Amino acid sequence: LKSPYHGGHLEVIVGPMFSGKSEELIRRVTRAVIARQRVAVFKPAIDDRYHVAQVASHAGRSTPAVAVREAAEIRAHLLGEGPLLSAPDHTLPEVVGIDEAQFFGPDLGPLVLDLAGAGVRVILAGLDLDFRAEPFGCIPDLLARAESVEKLTAICTVCGAPATRSQRLIGGRPARFDDPVVLVGAEEAYEARCRVHHTVLR
Ligand code: ADP
């Protein structure tokens, strides 16, 4: 059960929607709990206050989590308001999991690197690519800095091949390249697709 790394480190789990990122995060977190380690899991909140929630996979497994609006709230939740590295070690959990990490802004990077530097095992799960198949926000930088990276694939809904992309459909049709990455209030759906069957209208 001991970490293969000396001290804290960063593990990143990426892939398209439906690739099992949440499942894999839940699996790793559950094993840490079985090992009696202190674990804290966070995810982005859709409403305006942090609250108790859960990370749930599409297949129905879940683990308790705290929903937060921004990375600063993760920091505040773990430490109170003080600077991270001045906190005594025992106040930090041994494992911090963060789901849907692509939705956090540029503040996520410094936070997770501070945590890893303070001895925490940080497990991030998130989309590596947005619906256009472009690198998503802070994730590429964190992939480069991580000790361990797992790229998962889903199953292409068109041909059954391994899917590496998330197809956005608006009213059943492929979305346009210039649609915003985060669309509010539209009739949209997502499907896992391979490179061949992923379509973005220009
Ligand atoms: P992610 O967090 O990457 O979106 P989840 O862990 O929530 O993925 O869900 C993965 C589960 O989704 C799979 O185990 C499977 O039961 C289900 N699933 C639904 N559609 C697909 C698909 N097209 N490819 C693979 N798994 C799918």
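Mentor: Strands β11, β10 and β12 make up an open sheet in the order β11-β10-β12, with antiparallel pairing, where strands are DSSP E runs of at least two residues, numbered from the N terminus, and two of them pair if DSSP finds at least two bridges between them. This is a predicted model, in which local features need pLDDT of at least 70 and side-chain atom pairs count only at pLDDT 80 or more, while totals for chains, interfaces and linings use all residues. Residues are numbered from 1 along each chain as its sequence is written, and side-chain values use heavy atoms, with hydrogens and water left out.

Trainee: Which strands are at the edges?
Mentor: The edge strands are β11 (173-174) and β12 (188-193), each of which pairs on one side only.

Trainee: And how many bridges join β10 to β12?
Mentor: Six bridges join β12 to the antiparallel strand β10, residues 165-170, and within this pairing Q167 stands opposite E191 of β12.

Trainee: Switching to rings, how many aromatic pairs are there?
Mentor: The count is one aromatic pair, taking rings of Phe, Tyr and Trp (its six-membered ring) with centres within 6.5 Å, and calling planes under 30 degrees apart stacked, over 60 edge-to-face and the rest tilted. The partners are F103 and F136, edge-to-face at 6.1 Å centre to centre with 90° between the planes.

Trainee: Where in the chain do F103 and F136 lie?
Mentor: F103 is in the loop between β5 (95-98) and α3 (108-117), whereas F136 is in the loop between β6 (121-126) and α4 (139-145), 33 residues apart.

Trainee: Is each one buried or exposed?
Mentor: F136 is buried at a relative accessible area of 10%, but F103 is partly exposed at 46%; buried means under 20%, exposed over 50% and partly exposed in between, with a 1.4 Å probe and protein chains only.

Trainee: What sits over the ring of F177?
Mentor: The charged end of R132 does, 5.1 Å from the ring centre, and so does that of R202, at 4.4 Å; the rule asks for NZ of Lys or CZ of Arg within 6 Å of the centre and within 35 degrees of the ring normal.

Technical notes. Helices (H or I, at least four residues) and strands (E, at least two) are DSSP runs, numbered from the N terminus.
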